[in-house]
Amino acid sequence: MTGTGDPFAFDLITMGRIGVDLYPLTTGIPLAEAETFGKFLGGSPTNVAVAAARLGRRVAVITRTGADPFGGYLRSELRGFGVDDRWVTEVPGLPTPITFCEIFPPDHFPLYFYRLPKAPDLEIAADEVDLAAVRAARLFWMTGTGLSEEPSRAATLAALEARARTGTTVFDLDWRPMLWREKPGPYYERALRWATVAVGNAEECEIATGETDPHAAARALLAAGVELAVVKRGPKGVLAVHRDGTVAEVAPVPVEVVNGLGAGDAFGGALCHGLLAGWELEAVMRYANAAGAIVASRLACGAAMPFSHEVEEVLGRAGGV
């Protein structure tokens with residue numbers, strides 16, 4: 001909710017990547033043959049913020065853009081989606097990142113990141129972060145990419161430590177190998193000690209834990225310090241394991257895939273919504289799965305995030321929560 005006037009009023013604060021997504025408006029062709037593109041707000045934690053705002057949550061994002069027209073576009077989009085942009089600042093001299101995607105449904109969506117010489121969102125410094133607001137938020141969401149380079153790494157860790165495991169702190173494992181110059185293991189290990197929830201797909205969980213089996217990876221994430229491990233398994237659905245012994249294994253919602261890239265972010269925003277609502281674990285997973293399926297059936301990411309009535313309609317068709 002933009003302009004609440006109270007920095008401590010947020011249900012959710014996300015921190016990290018932002019950029020402009022440019023997607024071909026014709027699917028099933030390589031970029032070299034594409035002639036028309038759609039321009040969309042992008043960046044995983046930013047999309048998670050939009051997804052949660054669409055579901056009625058009070059949300060803000062901590063990130064940085066270039067001092068250029070694309071940066072202005074992103075801030076305008078955030079406000080339009082109901083995401084507070086008070087902590088979205090400009091970095092002179094660095095361009096706002098652009099990401100291109102090739103769209104080959106149902107499961108091939110190559111990404112091309114243009115984040116050179118350096119992405120502004122990696123220039124978030126620890127002394128710029130409103131740590132009191134981060135600590136007061138009911139839920140804080142950070143990503144692996146935020147740990148990939150300084151000063152963002154120190155800022156992200158400072159935010160985690162400031163929260164001191166109060167409320168719900170989600171570590172989106174978010175492994176993007178092309179954005180790392182060193183091994184992520186030590187930084188993931190440190191972040192997991194401060195997080196209460198870890199979310200990732202099979203590859204990301206393997207990077208964080210060394211485990212390839214979903215159940216083994218979930219156990220390893222719990223051993224690393226979190227209270228809830230969520231392993232996204234693509235066409236096999238999702239596995240969630242809580243430290244108290246609760247386990248939820250939920251099948252995916254069948255859908256004709258248009259662009260699968262935003263599904264994980266929709267899942268994340270809906271996960272935040274369900275956790276904030278205090279739902280039972282299986283209900284949270286079913287709701288998040290439905291939100292992800294909706295976005296997978298649409299072209300865009302941020303602009304495609306569903307409203308609550310759309311998620312409830314899908315759940316009704318699938319047999320309810």
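1. Helix 9 covers residues 281-296 of this predicted model. At 1.5 Å a residue, its 16 residues should span 22 Å, and the end C-alpha atoms lie 23 Å apart, which agrees. Of these 16 residues, 14 are buried, so helix 9 is largely enclosed by the rest of the structure.

2. The largest nonpolar core holds 62 residues. Those touching the most other members are Val-83, Trp-141, Val-230, Phe-267, Leu-271, Met-285 and Val-311. Helix 9 is the biggest contributor to this core, giving 10 residues. Apart from this core lies another, of 37 residues, including Met-15, Leu-173, Trp-175 and Ala-195.

3. What does Leu-271 contact, once neighbours within four places in sequence are left aside? Its partners are Trp-141, Val-199, Val-284, Met-285 and Ala-288.

4. The largest pocket has a volume of about 1,600 Å³. It is lined by 50 residues, and Asn-201, Gly-260, Leu-261, Ala-263 and Gly-264 are the closest to its centre. At least two lining residues come from each of strand 2 (19-24), helix 1 (44-54), strand 8 (111-114), helix 6 (202-209), helix 8 (263-277) and helix 9. By class, the lining has 24 nonpolar, 14 polar and 12 charged residues.

5. The second largest pocket contains about 210 Å³ of space. Among the residues lining this pocket are Phe-113, Arg-115, Leu-116, Pro-117, Lys-118, Glu-149, Trp-180 and Arg-181. Eight nonpolar and four charged residues make up this lining, with no polar ones.

Technical notes:
Residues numbered from 1 in each chain as written. Predicted model: local features only at pLDDT ≥ 70, side-chain atom pairs only at ≥ 80, totals over all residues. Heavy atoms only, no water. Helix = DSSP H or I, 4+ residues; strand = E, 2+ residues; numbered from the N terminus. Expected span 1.5 Å × (residues − 1). Buried < 20%, exposed > 50% of the residue type's maximum accessible area, 1.4 Å probe, protein only. Core = buried A, V, L, I, M, F, W, Y, C linked by side-chain atoms within 4.5 Å. Contact = heavy atoms within 4.5 Å. 1 Å grid on protein atoms, 1.4 Å probe; cavity = no way out; pocket = protein on both sides within 12 Å on 5 of 7 lines; lining within 4 Å. Points joined across faces, edges and corners; volume = space filled by probe spheres on them. Nonpolar A, V, L, I, M, F, W, Y, C, P; charged D, E, K, R; others polar.
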